[in-house]
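Please study the sequence and the model displayed below before reading on.

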Amino acid sequence: MSELTVKAEKLDAGDELAAKRAEFVLDGPEGAVYLDGNSLGALPVAVPGRVADVVGRQWGEMRIRSWTESGWWTAPERIGDRIAPLVGAAAGQIVVGDSTSVNVFKALVGAVRLAQENGPGRDEILVDATTFPTDGYIAGSAARMTGCTLRPVEPSEVPGALGERTAAVLLNHVDYRTGRLHHLPSLTAAVHAAGAYAVWDLCHSAGALPVGLDEHGVDLAVGCTYKYLNGGPGSPAYLYVRADLQERFDSPLPGWNSHAEPFGMRSEYAPAEGAVRGRVGTPDILSMLALEAALEVWDGVTVEAVRAKSLALTDFFLECVGTYVPEGRVECLTPLPHEERGSQVALRCADAGPVMQRLIGRGVVGDFRHPDVLRFGFTPLYVGFADVERAARVLAEELG
C-alpha cells in the first residue's frame with residue numbers, strides 16, 4: 001500500500017461530510033470514480049421517489065388542484081429561497097425557472113436598463129472574454145437590443161476597462177475551462193465605483209464555495225442547478241435580483257407569470273413585486289420539484305465545510321498527480337493559490353481527448369475540453385479522498 005493510499009484512508013476517516021455520500025446514487029467502491037459533477041451532478045437518492053409522487057399522485061390524481069394544493073404555483077420562489085443560503089443571499093431575491101441562457105439575457109438587459117435609467121451615455125457592455133460561449137452570444141444579442149457596444153475583456157483587466165460609458169459587466173465567478181476563481185468582491189466594487197451594474201454567472205461556484213451575493217452587493221446573478229446543486233439534466237436555472245433593485249428591474253421577457261395579476265388576463269403589463277418579476281411563463285414543474293428534492297442533501301451542511309473539503313480534495317489530487325504522473329506529461333492550468341481556485345482541476349495534455357476516453361473506460365469519469373484540457377470536478381458531498389488517489393493513479397498509468 002502506497003503512502004498516498006494510506007493518506008487517503010486517513011483523510012476519508014476524518015471527513016465530516018463523508019456520510020453525505022450515502023445520499024447519492026453512486027457506484028460501489030470498485031465502480032466508477034465520478035469527477036464530472038461540474039458538468040452534471042450525481043443523482044440524490046430522494047429524487048426518484050419524489051418525482052414518482054409528483055407524476056403519479058400530484059399530476060395523475062390531483063391534476064389541476066396541485067397548482068394550489070401541492071404548491072406548484074409558488075415553487076419558483078420557494079425553491080429560490082432554498083438556494084439562497086448556498087449563494088449568500090437572504091430570502092425573497094431568487095426565482096427559479098428557465099435556462100441559464102434565458103436568465104443571463106434577463107439579467108443583462110435588466111442591468112443595462114437600470115444603468116440607462118440613471119442617466120444618458122451608458123452604452124457599453126463588458127463581457128468576460130474567457131466566458132462560456134453562450135454567455136458571449138447572449139451578451140452580443142443584449143448589446144444589439146439595447147443599443148450598446150460589446151467589449152470582451154479579461155476579468156483581471158475589468159477595473160482598467162471601466163468608464164463612464166459602461167452600463168453593465170457580465171462575469172463568470174469561476175472559469176469553466178481552468179477552474180480559476182475570480183475575485184467577486186473587488187470586481188463588483190470596481191463596477192459599482194464606475195456607476196455600472198455587475199451581473200455574475202455562478203454556474204461553477206454555487207454549491208462548491210461561498211459566494212456572498214448580499215455581503216458584496218452583487219446586483220444580479222444567474223446560475224444553473226445541474227452541476228454542484230445536483231438538480232438533474234436540464235434542471236431549471238435561477239435569477240437573483242438584489243432586493244433594493246427589484247422595484248426597478250425591467251425584464252426584457254415579461255410574461256403572465258410575472259404579472260401583478262397573472263389571472264387578470266389584462267392586455268397591459270404590470271410587473272409583480274419582488275423576485276416574481278423574474279418569472280416568465282408556466283414553470284417546468286417536473287424538473288423543478290426534482291430539484292427541490294435534490295436540494296435536501298444540503299440539510300445540515302454549510303458552504304464553508306464544503307469549501308474546506310473542496311480545497312483539500314483538489315490539493316490532494318494535485319499532490320497525487322505530482323507524485324504519480326510522469327514529469328512533462330501534463331500541465332496544471334488551475335491556479336495553485338486557494339483564493340484563486342474553484343472546485344475543479346484542469347490539466348493540459350497533448351492527447352487529452354483519447355486519454356479521457358481511456359480513463360472513462362477504466363471507471364474514472366472526468367471530461368475533455370477542446371483542444372487539450374482534461375477537466376476533473378470535485379463535488380465534496382460525494383467525492384472522497386480514495387476516489388482522488390485512484391483517479392490520479394489511473395491517469396498516471398494511462399500516461400506512463
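Val25, Leu43 and Val45 make a nonpolar surface patch of about 230 Å². A patch is built from residues with over 30% relative accessible area and no salt bridge, where like charges are joined within 9 Å and nonpolar side chains (Val, Leu, Ile, Met, Phe, Trp, Tyr) within 5 Å. The areas themselves come from the Shrake-Rupley method with a 1.4 Å probe, and for residues only the protein chains shown count as cover. Valine 25 belongs to strand β1 (residues 24-25). With a relative accessible area of 46%, valine 25 is partly exposed; buried means under 20%, exposed over 50%, and partly exposed in between (1.4 Å probe, protein chains only). Helices (H or I, at least four residues) and strands (E, at least two) are DSSP runs, numbered from the N terminus.

This is a predicted model, in which local features need pLDDT of at least 70 and side-chain atom pairs count only at pLDDT 80 or more, while totals for chains, interfaces and linings use all residues. Residues are numbered from 1 along each chain as its sequence is written, and side-chain values use heavy atoms, with hydrogens and water left out.

Is strand β5 (residues 124-128) enclosed or open? Five of its five residues are buried, so strand β5 is largely enclosed by the rest of the structure. In a regular strand the side chains alternate between the two faces of the sheet. In β5, Glu124, Leu126 and Asp128 point one way, Ile125 and Val127 point the other way, and all are buried.

Strand β5 also has pairing partners, where two strands pair if DSSP finds at least two bridges between them. Five bridges join β5 to strand β6 (residues 149-153), and the two run parallel. Within β6, threonine 149 is the bridge partner of glutamate 124. Four bridges pair β5 with strand β7 (residues 166-172), again in the parallel sense. There, threonine 166 is the bridge partner of glutamate 124 in β7. Together with helix α6 (residues 133-146), β5 and β6 make a right-handed β-α-β unit. Right-handed means that, with the strands pointing away from the viewer, the path from the first strand over the helix to the second runs clockwise.

Charged side chains provide further links. A salt bridge is a side-chain nitrogen of Lys or Arg within 4 Å of a carboxyl oxygen of Asp or Glu, and the structure holds 29 salt bridges. Arginine 78 forms one with glutamate 292, the closest N and O atoms being 2.7 Å apart. This pair links distant parts of the chain, with arginine 78 in helix α4 (residues 75-83) and glutamate 292 in helix α9 (residues 285-294), 214 residues apart. Arginine 78 is partly exposed at 30% relative accessible area, whereas glutamate 292 is buried at 18%.

Arginine 165 forms a salt bridge with aspartate 123, their closest N and O atoms being 2.7 Å apart. Arginine 165 lies in the loop between α7 (158-161) and β7 and aspartate 123 in the loop between α5 (100-118) and β5, so the pair ties together parts that are 42 residues apart in sequence. In a further salt bridge, between glutamate 340 and arginine 180, the closest N and O atoms are 3.2 Å apart. Finally, Arg358, Arg362, Glu397 and Glu398 are linked in a network of salt bridges.
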